[in-house]
Amino acid sequence: MALIKLPRAMLIDMDDTILSAYGRPEIAWNTIAAEFADELAPLPPAEVATALLASARQFWAAAEPIWRIKLGEARRLTVRGGFAMLAAAGHRALPDELADRIADRFTAYREEAMFVFPGAHEAIDAFKALGIKLALVTNGNADMQRAKVERFALGHRFDHIQIEGEHGFGKPEERAYLHAMEALGVTAPDTWMIGDNLEWEVVAPQRLGIYAIWMDVHGVGLPPESTVRPDRIIRSLTDLLPAAQG
């Protein structure tokens, strides 16, 4: 691949771009369902996990942005929805109290399992050393996302930290990108957006003229039916370093 000249600024997503956070939910749901196997019996944990994953995907496909701010409550609703699916399929009704404990355990498990992707800190530091202006642009609850910024030593690495719950707006709203660029003193032709969400980090930024890089950390490729065309696809922020060194 030909080396691409680096931009004046980068807007970088946090979850599943810098941090392993919410990817591969099927693994997490199976793990949690197995922990509650005795209380779910005679339902097999794998069948419960499948229902919970389906409920979660259905919920988030239609969810209003406010639910990103109320993530714990949203997960309780998705588990209850999964239980309702199982009951509708003829299985025994499972109590809301159990649904809430499973949802809360899922939230705790996700927090426990988070880590910085290998090389992410080093890549960000290298960009900063080259004089590239950096903004962390993340959706979600203010307290939860700010805690990640602190826990994973991200604050000092960025010139601008933009959290949806703190600013009152988030991706894919145009003002989320415009505000971040204004904070850095740059315009769209000067800017790259990097992240794992095709709508938030590719489609919306491209409409503004931002160069959009999709993070495909697990190497699964674009969905077969997708019409989205990222300007570049990477598996790690370190993939951008050869360009930095060129």
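1. Arg 75 sits in helix H5, residues 71–88. Helices (H or I, at least four residues) and strands (E, at least two) are DSSP runs, numbered from the N terminus. The model is predicted: local features need pLDDT of at least 70, side-chain atom pairs count only at pLDDT 80 or more, and totals for chains, interfaces and linings use all residues. Residues are numbered from 1 along each chain as its sequence is written, and side-chain values use heavy atoms, with hydrogens and water left out.

2. Is Arg 75 buried or exposed? Arg 75 is buried, yet it has no salt bridge. Buried means under 20% relative accessible area, exposed over 50%, partly exposed in between (1.4 Å probe, protein chains only). A salt bridge needs a side-chain nitrogen of Lys or Arg within 4 Å of a carboxyl oxygen of Asp or Glu. The nearest side chain of opposite charge is Glu 111, 5.7 Å away. Lys and Arg count as positive, Asp and Glu as negative; His and the chain ends are not counted.

3. Which residues does Arg 75 touch? Leaving out residues up to four places away in sequence, they are Tyr 22, Ala 103, Phe 106, Thr 107 and Arg 110. Contact means heavy atoms within 4.5 Å.

4. Now the packing of H5 on helix H6 (residues 96–113). Their axes come within 8 Å and cross at roughly 130 degrees. Axes are lines fitted to C-alpha atoms, for helices over the stretch in contact; angles run from 0 to 180 degrees between N-to-C directions. H5 and H6 are therefore oblique to each other. Angles under 35 degrees count as roughly parallel, over 145 as roughly antiparallel, 65 to 115 as roughly perpendicular and the rest as oblique. On the H5 side, the residues that meet H6 include Arg 75, Val 79 and Phe 83.

5. Helix H3 (residues 45–62) also packs on H5: the axes come within 8 Å and cross at roughly 125 degrees. This pair is therefore oblique too. Among the contact residues are Ala 51, Ser 55 and Phe 59 of H3, and Ala 74, Thr 78 and Leu 86 of H5.

6. Check two peptide bonds. Ala 41 to Pro 42 is cis, with omega near 10 degrees. Pro 42 is in the loop between helix H2 (37–40) and H3. Lys 171 to Pro 172 is also cis, with omega about 5 degrees.

7. Most residues other than glycine have a negative phi, and most peptide bonds are trans. Asp 16, not a glycine, has a positive phi of about 65 degrees. Asp 16 is buried, at 9% relative accessible area.
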